[in-house]
Amino acid sequence: MSTNQEKLFGRLLLKNDILQLIKSTDKISVSKIFSNFLLEAKVNPNLGMTSISSNKIKCNRCGTVHIKNSVKLPIGVFYCPSCIQLGRVRSDEFLYFLPQKNFPKKSYINWSGKLTENQKSISNALCQEINSHQQIIVQAVTGAGKTEMIYQVIEQILESGGVVGLASPRIDVCLELHQRLSRDFSCKIPLLYHDGDNYFRAPLIIMTSHQLLRFKEAFDLLIIDEVDAFPFRDNEMLYFAAEKARKIEGNLIYLTATSTDKLEKDIKKQKLYPLFLPRRFHNFPLVVPKFFWKNKFDKKLIEQRNSGFPLLIFAAEIEFGQEFAKQLQLKFPKEKITSVASTTKDRLEIVKAFRNKEITILIATSILERGVTFPNVDVFVINSEHPNFTKSALIQMAGRVGRSPERPTGLVSFFHYGKSKAMCQAVREIKNRYHLISRITNSKRSWCS
């Protein structure tokens, strides 16, 4: 079987997707090349959309149900606008699928690090519980070392010849995961996102959550990291994609530091088996944020800069963050200050420069609230009462501090013009969930501490 045919295993693709795989210089027509390829690869077509009533139609890639009149094209057929960013699905066209095949049984892990006792408890529980629970959620405080805790269960699947998918809603999280797992596993790992690598078949795949829409029954184990983050949070289309992407008997593991109402309901309904780790890998708790009126900002900034530690400042809006960086640079000309957001073209280079201490103050939007580690950093949140700053976002921002055993503490300061409900909830949850450890003995959850 050709390399191009192998790229179809476990995939759910449009005709245009397949045509990109089989680019040919032959003089015969494209349609004939396509037909010959489907025949040779034994690929069966499935309708792109299915009518479920006289006025409703369902997309078979993303599961979204539409009112027919709202998605009707001038030629009389229907299309799905919900997943159109991955190519247009139409009711008169097909999606193509070839069942997944296993890989040779082989050990790929080459990680030489050691887990703490708390991390081992979660790691061992994952390896045991996937035999009896198809869906598991690990709620681990930020800085607990979630990535290392999933290594053993990933290796368990790979050693059996299975396929593992690791997805996250955030590109920056995927990039960091890819860097770490490429170092710690010997197989070559594709990184799939909008501007990422071309797909190649591998036993371990890292991708943004929307890329799951291109898979069907592909993964023996699918892990969703930062499941509470936008756009995955409470997104029915992406939950559908995750279910569709794993094998019928495959396992699904959610990783998060802050849960959602949907996940909590699924835990109560026993649809999800919960594991909880309230301690960081160095056994220090999360730093509790302190509240300051915004007029105290300059004074607290000067105090922080005297410490010499890098400073990460979160801003609620892109334009405000950019302008705020300019204002700070004028006030503090000796500092190296810049801003970063989802629209920043060179943000990977900026993040790297901040990590390497070439930038001393970095103003960021929520793009850096999770999945990134900066040793010894302090965090300020400006206008922390802003509605863009949810409880989970503020907890994640606080979690950037104290992630290094060399400095397991630090500063988390919320500057505001009046406390918001989210601010108070974030501090309350940090105190209750991550500081009052004795409470866990009376919980119904499965605790590892």
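Biologist: Let's start with Cys424: is Cys424 buried or partly exposed?

Modeller: Partly exposed, because its relative accessible area is 29%. Keep in mind that this is a predicted model.

Biologist: And Cys174, buried or exposed?

Modeller: Cys174 has a relative accessible area of 1%, so it counts as buried.

Biologist: How many disulfides are there?

Modeller: The count is zero. Take Cys174: the nearest cysteine sulfur belongs to Cys187 and is 16 Å away. A disulfide would need the two sulfur atoms within 2.5 Å.

Biologist: OK, zooming out. Which domains does the chain have?

Modeller: The domain assignment lists domain 1 (1-96), domain 2 (115-275) and domain 3 (288-436). Going by C-alpha atoms, the centres of domain 1 and domain 3 are 44 Å apart.

Biologist: Now salt bridges. How many does a search of the whole structure find?

Modeller: It turns up 19 salt bridges. One of them is between Asp172 and Arg347, where the closest N and O atoms are 3.1 Å apart.

Biologist: Where do Asp172 and Arg347 lie?

Modeller: Asp172 is in helix H7 (residues 171-184) and Arg347 is in helix H12 (residues 347-355), so this pair ties together parts that are 175 residues apart in sequence. Asp172 and Arg347 are both buried.

Biologist: What does Arg355 form a salt bridge with?

Modeller: With Glu176, and there the closest N and O atoms are 3.3 Å apart. Arg355 belongs to helix H12 and Glu176 to helix H7, so the pair ties together parts 179 residues apart in sequence.

Biologist: How do Arg355 and Glu176 come out, buried or exposed?

Modeller: Arg355 counts as partly exposed, because its relative accessibility is 31%. Glu176 has a relative accessible area of 13%, so it is buried.

Biologist: What about Lys300 and Glu303, where do they lie?

Modeller: Both are in helix H10 (residues 297-307), three residues apart, which is about one turn of the helix. Lys300 counts as partly exposed at 22% relative accessibility, and Glu303 is partly exposed with a relative accessible area of 41%.

Biologist: Which residues do salt bridges with shared partners join into one network?

Modeller: Arg170, Glu226, Asp228, Glu369 and Arg370.

Biologist: Switching to aromatics. How many aromatic pairs are there?

Modeller: A search of the whole structure gives 15. Among these is Trp111 with Tyr151: the ring centres are 5.3 Å apart and the planes are at 85°, so the pair is edge-to-face.

Biologist: Which parts of the chain does that pair link?

Modeller: Distant ones, 40 residues apart. Trp111 is in the loop between strand E6 (94-97) and helix H4 (117-129), while Tyr151 is in helix H6 (residues 151-159). Trp111 counts as partly exposed at 25% relative accessibility, whereas Tyr151 counts as buried at 1%.

Biologist: Which residues do ring pairs link into a cluster?

Modeller: Phe292, Phe297, Phe320, Phe324, Phe380 and Phe415.

Biologist: And which ring does the charged end of Arg11 sit over?

Modeller: The ring of Phe215, 4.8 Å from its centre. Likewise, the charged end of Arg201 sits over the ring of Phe103, 4.1 Å from the centre.

Biologist: Can we look at strands? How do E3 and E4 pair?

Modeller: Strand E3 (residues 49-51) pairs with E4 in the antiparallel sense, over three bridges. Ser51 stands opposite Ile57 in E4, and a hairpin of four residues joins E3 to E4.

Biologist: What about E4 and E5, how do they pair?

Modeller: E4 and strand E5 (residues 65-67) are antiparallel too, over three bridges. Ile57 stands opposite His66 in E5. Five residues lie between E4 and E5 in their hairpin, and Gly63 in the turn has a positive phi of about 80°.

Biologist: Which residues are on the covered face of E4?

Modeller: Ile57 and Cys59, while Lys56 and Lys58 are on the uncovered one.

Biologist: Last one: how many residues of helix H13 are buried?

Modeller: Seven of its eight, so to speak mostly covered. The buried ones in H13 are Ser392, Ala393, Leu394, Ile395, Gln396, Met397 and Ala398.

Key:
Residues numbered from 1 in each chain as written. Predicted model: local features only at pLDDT ≥ 70, side-chain atom pairs only at ≥ 80, totals over all residues. Heavy atoms only, no water. Domains from an automatic or database assignment. Buried < 20%, exposed > 50% of the residue type's maximum accessible area, 1.4 Å probe, protein only. Helix = DSSP H or I, 4+ residues; strand = E, 2+ residues; numbered from the N terminus. Pairing = 2+ DSSP bridges. Phe/Tyr/Trp six-rings, centres within 6.5 Å; stacked < 30°, edge-to-face > 60°. Lys NZ or Arg CZ within 6 Å of the ring centre and 35° of its normal. Salt bridge = Lys/Arg side-chain N within 4 Å of Asp/Glu carboxyl O.
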